[in-house]
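Thanks for making the time this morning. I would like to walk through one model with you, going from the whole chain down to individual side chains.

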Amino acid sequence: MAAAEHAISTKNEMSMELPTLPPNQGVEAFKDIVFGSAAGMAGKVIEYPFDTVKVRLQSQPDHLPLRYQGPVDCFRQSIQTDGFRGLYRGISAPMAGAAIENSCLFWSYRMIQDALKSTWYSSTEPLPFSALLISGGASGSITSLALTPVELIKCKMQVHLEGPNPRPTSPLVLIASVFRQDGILGFWRGQLGTLIRETGGGAAWFGGYEGVSAFFRTHSTSTSEVDSSEGEPARLALHQQMIAGAAAGISYNFLFYPADTIKSRMQTEDITHGAINGKRQTFWGVGKALWKQQGLRALYRGCGITCARSAPSSAFIFTIYEGLRSYFG
């Protein structure tokens, strides 16, 4: 009898014991969205004039003599034609895109890491570098779906004065024009290029940041101690964060730049050089045309200025995000 009562008591105690609840994912997601948006918009203000030059270099027609001899010449001609303000033409769409892109990237990157920890890895130990690359690539592929429509309007705004009938326009006019011509799916023109760039670029972006950060934590004495209560890695000094962020930006842009060039050409062909035989070109068709024009050089047109602007921009994005995360817990 006593044994039975003890068993019932033990069973009741076990049934009353609640499992450990995971962190509040809603609050963490909100932080990722807000902090990622703020960091992305700050980075976009820094990089946008360079991005305009990059898109104009990428979008030059392959059947005509090149209008620009390089980034410096493009800067000069753009300022002469439309002033410095023209280099910020269409920034409203990419500002929204930067907020969407970085909030999606940081949110999905953390969520995928949490999913990997709960399925294949220990939840109390840091993920291996290979898992971080997978998380970065997956977060980039998710983000590409939201990013393509924004970049479509941004690229059209940036080259609209380059076409045969240049005239000022607005994002709303271009949105209506795309919908009228191609329907709702027209906003995802160039999606394959964005998917390739963001998937590979996401792995390179987060991988570059995590790799350089790990190097600093291993070889530097200026980092703070690991927070043993949370199991979080040691915080980097400010200059180390910025170096890691700069390396991430260069890795993201250089490795998968050809996909971005093809995407930009696809998204602006109706303005800069029109369709061929009345048909829009495919991703592979645009790639072949660029290769025939100047080989690998055509696919990397504007890459130098893109990497140059991505280093400070990405450094600020990671530093602002990490700083907000640290300050607001």
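What follows is a short tour of the fold, of one glutamine and of some aromatic pairs.

Please keep in mind that this is a predicted model, in which local features need pLDDT of at least 70 and side-chain atom pairs count only at pLDDT 80 or more, while totals for chains, interfaces and linings use all residues. Residues are numbered from 1 along each chain as its sequence is written, and side-chain values use heavy atoms, with hydrogens and water left out.

The protein chain comes to 12 helices and 0 strands, where helices are DSSP runs of H or I with at least four residues, strands are runs of E with at least two, and numbering starts from the N terminus. Of its 329 residues, 48% are buried; buried here means under 20% relative accessible area, exposed means over 50%, and partly exposed lies in between, with a 1.4 Å probe and protein chains only. If we take contacts, meaning heavy atoms within 4.5 Å, between residues at least 6 apart in sequence, 78% of them join residues at least 24 apart.

Now to Q77, which sits in helix 3, residues 71-82, and which counts as buried because its relative accessibility is 16%.

Turning to the rings, a search of the whole structure finds 18 aromatic pairs. One of them is the stacked pair of Y48 and Y88, at 6.0 Å centre to centre with 25° between the planes. Y48 belongs to helix 2 (residues 25-58) and Y88 to the loop between helix 3 and helix 4 (92-119), so this pair ties together parts that are 40 residues apart in sequence. For the criteria, rings of Phe, Tyr and Trp (its six-membered ring) pair if their centres lie within 6.5 Å, and planes under 30 degrees apart count as stacked, over 60 as edge-to-face and the rest as tilted. Y48 is buried, at 0%, whereas Y88 is partly exposed, at 26%.
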